[in-house]
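Visitor: I'd like to learn how to read a helix pair in a model like this one. Could you walk me through it?

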Amino acid sequence: MTTPAKRPSSPKGKAQPTPAPTPAPVARTRASASTPARCTHATKTGRPCRAAVRPGGKFCALHDPALEGARMAARRRAAATTNAPRRRRTLPAGTATPDLGNSRDVVGYLSQLVGRVERGEIDVRVGNCVGQIVNVLLRALSQVETVERIAAIERAVAALPADQAAGVADELARVRAASESRQ
Ligand SMILES: [Zn+2]
């Protein structure tokens, strides 16, 4: 049987891959003078491996029992590389949660975070995530602090004599309304 010179195209117009020509059968058990010996190790599929044997051996480098020690060492080296300590993705368990009760705390924490990310103590992704959370926290704190400040001023105004308080109270009401509309 010969392979046709032209690839027949399927009815759908997609070129079908020409099947690889079947290799001529090689000596099945013993290597002949012209063909290199093939590894007879049974693979998972049950078929022999058929890779070229190591010089003077019966198996290829992957299956030669004499190389099992070297293969194990290689696997250990690969595992050591894989399991090598990587840059922390998270902080160690038991790391205290920072006290971020006010904007000043948050600003201090953020500037520390910058240094930790720069020094590679924290993975960049953790830095990004924490940065976003802290940013939300900072906005919330800023609103809480504004509300508290206004409340303090309102208390101070309430303590003023009525004639002095009147104008200030109107101004304060406008500030409070503006602050609440931003939330
Ligand atoms: Zn083999």
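Guide: Let's start with handedness. A crossing is called left-handed if the near helix is turned anticlockwise from the far one by less than a right angle, and right-handed if clockwise. Keep in mind that this is a predicted model.

Visitor: Which hand does the crossing of α2 and α3 have?

Guide: α2 crosses α3 in the left-handed sense.

Visitor: And at what angle do α2 and α3 pack?

Guide: The angle between α2 and helix α3 (residues 124-158) is about 165 degrees, and their axes lie 10 Å apart. Angles over 145 degrees count as roughly antiparallel, so α2 is roughly antiparallel to α3.

Visitor: Which residues of α2 meet α3?

Guide: On the α2 side you'll find S103, V106, Y109, L110, L113 and V117. Their partners in α3 include V124, V130, V134, L137, L141 and E145. By type, the residues of this contact split into eleven nonpolar, four polar and one charged. When you look at spacing like that, remember that an α-helix has 3.6 residues a turn, so residues three or four places apart point the same way.

Visitor: How far does α2 reach from its first C-alpha to its last?

Guide: For that, compare the span with what 1.5 Å a residue would give. Helix α2 covers residues 103-118, 16 residues in all, and reaches 23 Å, close to the expected 22 Å. Just past the end of α2, G120 has a positive phi of about 80 degrees.

Visitor: Which residue has a positive phi although it is not a glycine?

Guide: That's R50, with a phi of about 70 degrees. R50 sits in the segment before α1 (68-83).

Visitor: Is R50 exposed or partly exposed?

Guide: Here you count neighbours. R50 is partly exposed because it has 13 C-beta neighbours inside 10 Å. Compare A42, also placed in the segment before α1: A42 has 11 other C-beta atoms within 10 Å, so it counts as exposed. A42 and H63 are 21 residues apart in sequence, with 9.3 Å between their C-alpha atoms.

Visitor: What about the whole chain?

Guide: It has four helices and zero strands, in the order α-α-α-α from the N terminus. Of the 183 residues in the chain, 4% are buried. Among contacts with a separation of 6 or more, 31% join residues 24 or more positions apart.

Terms used
Residues are numbered from 1 along each chain as its sequence is written. This is a predicted model: local features need pLDDT of at least 70, side-chain atom pairs count only at pLDDT 80 or more; totals for chains, interfaces and linings use all residues. Helices (H or I, at least four residues) and strands (E, at least two) are DSSP runs, numbered from the N terminus. A residue is buried if 20 or more other C-beta atoms lie within 10 Å of its own, exposed if 12 or fewer, and partly exposed in between; C-beta atoms are placed from the backbone. Two residues are in contact if their C-beta atoms, placed from the backbone, lie within 7 Å. The expected span of a helix is 1.5 Å times one less than its number of residues. Axes are lines fitted to C-alpha atoms, for helices over the stretch in contact, and angles run from 0 to 180 degrees between N-to-C directions. Angles under 35 degrees count as roughly parallel, over 145 as roughly antiparallel, 65 to 115 as roughly perpendicular and the rest as oblique. Ala, Val, Leu, Ile, Met, Phe, Trp, Tyr, Cys and Pro count as nonpolar, Asp, Glu, Lys and Arg as charged, and the others, Gly among them, as polar.
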